[in-house]
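Open the model in your viewer and keep the selection panel at hand.

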Amino acid sequence: MRDVLYLEQREQAEALLKPQRIEVLRQLAEPRTCTEIATRLGQTPQRVYYHVKQLVAAGLAEQVAERRVRGISEGIYQAVARSYWLSPRLVGRIGGARRAQDELSLGYLLDLMEEVQADIAALDRTAPELPSIGVSGEIRVPAERRQEFLHDLQSTLQDLFTRYGGAEGDAFKLAVACYPKDENHE
């Protein structure tokens, strides 16, 4: 089972639009038959089987085994990933046009986060080593020092790009996001 499946196909996203199907997919975190899922969800096996078949067709679940029960073959299914990321490209942006690449705009930040999400989803999780780092923190800057802070941040990053920006060695992508924190949102 993969950690993450990055959904870029509309059919995959559509398969998840039904809340009942999401509940079936949650049950498939462990290998289960449709009868077992039906019992857990209080549904009929036929209804669960329909949803499982839709999830399999969309590539979100797969049959991992089969067993015979009273002369009938019964499939055992499992989700293909622990979590599913929906590509922002599937939803699109209102207005259709890509936002201006102004580094100080929230539109640029959204484009950057979309790019980071796609890059991470494309990593080979079976690789023996994936050197990476994630850092998050909160900085409080008085309004009168905001420009100074942004300048210092840009200078620090530019120094890193200059020191490590050669043509040799392993390539790493560095993305830094700085945005106002919503004090009411935890």
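A nonpolar core is a set of buried Ala, Val, Leu, Ile, Met, Phe, Trp, Tyr and Cys residues joined through side-chain atoms within 4.5 Å. Keep in mind that this is a predicted model.

**Stop 1: the core.** Select Val-24, Leu-28, Val-48, Val-52, Leu-55 and Leu-60. Of the 20 residues in the largest nonpolar core, these touch the most other members. Now colour β1 (2-7), α2 (19-27), α3 (34-41), α4 and β4, the elements that each give two or more residues to this core. In soluble globular proteins, nonpolar side chains tend to be buried together.

Zoom in on Val-52. Leaving aside neighbours within four places in sequence, Val-52 is in contact with Val-24, Leu-28, Cys-34, Ile-37 and Tyr-77.

**Stop 2: the sheet.** Three strands form an open sheet in the order β2-β4-β3, and their pairing is antiparallel. At the edges lie β2 (32-33) and β3 (61-69), each pairing on one side only. Follow β3 to β4 (residues 72-79): eight bridges join these antiparallel strands. Along the way, find Arg-68, which stands opposite Ser-73 in β4.

**Stop 3: Gly-75.** Stay on strand β4 and pick Gly-75. Is Gly-75 buried or exposed? Its relative accessibility is 13%, so Gly-75 counts as buried, the cut-off being under 20%. Display what surrounds Gly-75: beyond four places in sequence, its contacts are Arg-32, Thr-33, Cys-34, Gln-63, Ala-65 and Glu-66. Then draw a distance from Gly-75 to Thr-35. The two are 40 residues apart along the chain, and their C-alpha atoms are separated by 9.7 Å.

**Stop 4: His-51.** Return to helix α4 and select His-51. His-51 counts as buried because its relative accessibility is 5%. Which residues does His-51 touch, not counting those up to four places away in sequence? They are Lys-18, Gln-20, Arg-21 and Val-24.

**Stop 5: two helices.** Finish with α2 and α3. They pack at an angle of about 115°, with their axes 10 Å apart. Their crossing is right-handed. Show side chains for Glu-23, Val-24 and Gln-27 of α2, and for Ile-37, Arg-40 and Leu-41 of α3, which make the contact. Colour them by type: three are nonpolar, one is polar and two are charged.

Key:
Residues are numbered from 1 along each chain as its sequence is written. This is a predicted model: local features need pLDDT of at least 70, side-chain atom pairs count only at pLDDT 80 or more; totals for chains, interfaces and linings use all residues. Side-chain values use heavy atoms; hydrogens and water are left out. Two strands pair if DSSP finds at least two bridges between them. Helices (H or I, at least four residues) and strands (E, at least two) are DSSP runs, numbered from the N terminus. Buried means under 20% relative accessible area, exposed over 50%, partly exposed in between (1.4 Å probe, protein chains only). Contact means heavy atoms within 4.5 Å. Axes are lines fitted to C-alpha atoms, for helices over the stretch in contact, and angles run from 0 to 180 degrees between N-to-C directions. A crossing is left-handed if the near helix is turned anticlockwise from the far one by less than a right angle, and right-handed if clockwise. Ala, Val, Leu, Ile, Met, Phe, Trp, Tyr, Cys and Pro count as nonpolar, Asp, Glu, Lys and Arg as charged, and the others, Gly among them, as polar.
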